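Subject: Structure handover

Hello,

Here is the structure we talked about. My notes follow below it.

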Amino acid sequence: MENEEKLVVKGKTFGGERPILCVTIAEQREEEILRQVKQLVGEGISMVEIRGDFYDGLYDEDRLTYFFRRLKPLVQDTILLFTVRTIPQGGRTEPSLSYLQKIYDIASISGVCDFIDIEFNELPDPGQVIRRIHESGAKVVASDHDYMQTSKAAEMFDLLEKMGRAKADMVELAVTPETPDDLLELLRVTNQFNRSHPDIPVITYSMGEEGILTRVTGEIFGSAVTFGSAGRSDLSGHVNYKSMQKVLDQVHDSLHGKL
């Protein structure tokens, strides 16, 4: 499959040879978020996620607009994902649908967010939300987080396909494992989806400490992005990004006979 059929943002290819490490910032204070962004950009990190549900200015439209304005010059060459994770999906907030759409509007119009995460199964018409974000020039990660279980393979695959049919630019599925078999099931679905839909980057992982295998084997099974944490340690299963980078490098080297 040629690179031109893959999604490329700011020179980075999603679904390429190895997964992109996205570092999640989950902080309340604006100055601390900006400090961490500057630090990560200075270290050459390719992709940063800002968790808006932690940010204490989320419900102030003027503050949120100004926050994105301050971010823009910092991430000229760094991919920015903006996420508002709601309580039903394991997050910290639960805005009304109308205000959630307002957040998406502010984020997409800002011109700074390369991707905006939407919680696919929490929206009555996710396709309409995706179209609206696209019209403002941003891309969409359609996600679903299941904190109860790992569904059957056919159900997981069907959900990823449903997200893709809604024109999401990238699809993400996070599940909760109960047994090692659940990890294998998710990896099988990831591999199947990646092979059958090479033009739609897929992100999958099992949550919690048991799911670490799924977070570091994207280069083998096709998960396009994996996440590491910066600062906070209360994000389910997130490993410090520096440790994650070392493991990803070791996996890559072993696959190419460099160990």
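Charge first: the protein chain carries 29 positive and 42 negative side chains. Lys and Arg count as positive, Asp and Glu as negative, with His and the chain ends not counted. The centres of the two sets lie 5 Å apart, with each charge placed at NZ of Lys, CZ of Arg, CG of Asp or CD of Glu.

Ground rules: this is a predicted model, where local features need pLDDT of at least 70, side-chain atom pairs count only at pLDDT 80 or more, and totals for chains, interfaces and linings use all residues. Residues are numbered from 1 along each chain as its sequence is written, and side-chain values use heavy atoms, leaving out hydrogens and water.

Fold: the protein chain has nine helices and 11 strands (DSSP runs, numbered from the N terminus: H or I of at least four residues, E of at least two). Its radius of gyration is 17 Å, close to the 18 Å of the globule rule for 259 residues, so the chain is as compact as a globular protein of that length (C-alpha atoms; the rule is 2.2 Å times the number of residues to the power 0.38).

Sheet: nine strands form an open, parallel sheet, ordered β9-β8-β7-β6-β5-β4-β3-β10-β11. Pairing takes at least two DSSP bridges. β9 (202–206) and β11 (239–240) are the edges; each has a single partner strand, so one side of each lacks a neighbour in the sheet. β4 (residues 47–51) pairs with β5 (residues 79–83) over five bridges. There, M47 is bridged to I79 of β5.

Burial: 55% of the 259 residues are buried (under 20% relative accessible area, 1.4 Å probe, protein chains only).

Best regards

Definitions and conventions: Buried < 20%, exposed > 50% of the residue type's maximum accessible area, 1.4 Å probe, protein only.
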